Amino acid sequence: MHASSRTVTTNQSGPHDDLIRRVERALAHPLRKPLAAHTRDAFAQADAWLGRRGAPLILDAGCGVGVSTRRLAERFPEHAVIGVDRSADRLARDHGPLPANALLVRADLVDFWRLALAADWRPQRHYLLYPNPYPKAAHLKMRWHGHPVFPALLALGGRLELRSNWRLYVEEFALAVERATGEQAELAPHLPDPCLTPFEQKYHASGQSLWRLVAALPHSPSLVPQPDAGAADG
Ligand SMILES: C[S@@+](CC[C@H](N)C(=O)[O-])C[C@H]1O[C@@H](n2cnc3c(N)ncnc32)[C@H](O)[C@@H]1O
């Protein structure tokens, strides 16, 4: 299959100058954004489903249309696989029946990750497959490693896997993981066999290089700063 997907272009020549400061800020100042009611409801349903399954968890964060959620559920039949995306439109697309051990949830990850940590979820595997790159330097804070929710994402622990068609995103993510946890994440070229997601399929068919990071993280809720008197917003 041939496709023509544009490569990421950026005005950065290397990791963002402000990256480490952003990570340190996220580690020091609590994220005060209130939790949206719809994500609380969606989380409660997912939590009940997970409790009924009684199986180890795999999170597919930013699952898009849920193809990867389906494939992971087939690859790991003894696990419960939860795909989360904020786009109702993407989640509604018909990609065939969901395996019994898979669940798709419409929710904002900024809230969902914090709720998951508060509920003591401990994903064995946690996938971030082709997150939106936000390649303009001014948009660092929208990349997951530049966002104030980053400590909560890491604190869940487990085997965290990030894939991207933008090497710099993965490099920055590795630097941020190391700053926050002291863990050295492994970064390598990724040759899909077979492709796990539609975005992976599209980039691969366009001949783009793909990158992958894997980090083995301990469950560490203490990474997330707690509100206390006088703390500034993140
Ligand atoms: C580039 S797409 C990749 C989708 C899929 N993982 C794939 O590889 O085909 C990024 C996805 O992240 C989702 N997303 C971005 N920010 C999100 C957030 N705060 N909460 C939940 N989903 C989010 C978008 O809706 C979109 O579906």
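Pro-194 is found in the loop between strand 6 and helix 8, where helices (H or I, at least four residues) and strands (E, at least two) are DSSP runs numbered from the N terminus. The peptide bond that leads from Asp-193 into Pro-194 is cis, with omega near 0°. The structure is a predicted model, in which local features need pLDDT of at least 70 and side-chain atom pairs count only at pLDDT 80 or more, while totals for chains, interfaces and linings use all residues. Residues are numbered from 1 along each chain as its sequence is written.

The loop between strand 6 and helix 8 also holds Leu-196.

Pro-194 is found in the loop between strand 6 and helix 8; helices (H or I, at least four residues) and strands (E, at least two) are DSSP runs, numbered from the N terminus. The peptide bond from Asp-193 to Pro-194 is cis, with omega near 0°. This is a predicted model, in which local features need pLDDT of at least 70 and side-chain atom pairs count only at pLDDT 80 or more, while totals for chains, interfaces and linings use all residues. Residues are numbered from 1 along each chain as its sequence is written.

Leu-196 lies in the loop between strand 6 and helix 8 as well. The definition calls a residue buried if 20 or more other C-beta atoms lie within 10 Å of its own, exposed if 12 or fewer, and partly exposed in between, with C-beta atoms placed from the backbone. Not counting residues up to four places away in sequence, Leu-196 touches Ser-68, Arg-71 and Leu-129; two residues are in contact if their C-beta atoms, placed from the backbone, lie within 7 Å. Leu-196 is also 8.3 Å from Leu-72, C-alpha to C-alpha, although 124 residues separate the two in sequence.

Ser-68 and Leu-72 are among the buried residues of helix 3 (residues 67-75), together with Val-67, Thr-69, Arg-70 and Ala-73. The cover over the buried residues of helix 3 includes helix 8 and strands 1 (57-61), 2, 3 (102-106) and 4.

For the protein as a whole, the secondary structure comes to eight helices and seven strands. The radius of gyration is 17 Å, close to the 17 Å that the globule rule gives for 234 residues, so the protein is as compact as a globular protein of that length. This radius is taken over C-alpha atoms, and the globule rule is 2.2 Å times the number of residues to the power 0.38. The C-alpha trace spans about 50 × 45 × 30 Å along its principal axes. Of the 234 residues, 42% count as buried. Among contacts with a separation of 6 or more, 76% join residues 24 or more positions apart.

In soluble globular proteins, nonpolar side chains tend to be buried together. Here the largest nonpolar core has 61 residues, and those with the most contacts inside it are Ile-82, Val-84, Trp-113 and Phe-150. Helix 7 contributes the largest share of this core, seven residues. Such a core is a set of buried Ala, Val, Leu, Ile, Met, Phe, Trp, Tyr and Cys residues joined through C-beta atoms within 7 Å. Leaving aside neighbours within four places in sequence, Val-84 is in contact with Leu-59, Ala-61, Cys-63, Val-105, Ala-107, Leu-109 and Phe-112.

Helix 7 (residues 167-181) has 15 residues and reaches 21 Å from its first C-alpha to its last, close to the 21 Å expected at 1.5 Å a residue; the expected span is 1.5 Å times one less than the number of residues. Its buried residues include Tyr-169, Val-170, Phe-173 and Val-177. Among the elements covering the buried residues of helix 7 are helix 1 (19-28), helix 6 (150-155) and strand 5 (158-164). Gly-182, with a positive phi near 80°, follows helix 7.

Asp-120 lies in the loop between helix 5 and strand 4 (125-129), and counts as exposed because it has 9 C-beta neighbours inside 10 Å. Tyr-130 lies in the loop between strand 4 and helix 6, and counts as buried because it has 23 such neighbours inside 10 Å.

The ligand has 20 residues around it, of which Gly-62, Gly-64, Arg-86, Thr-197 and Phe-199 come nearest; a residue is near a molecule if its C-beta atom, placed from the backbone, lies within 6 Å of it. Strand 2 (80-85), helix 5 (109-118) and helix 8 (198-205) each supply at least two residues of this shell, and helix 8 gives the most, with three.
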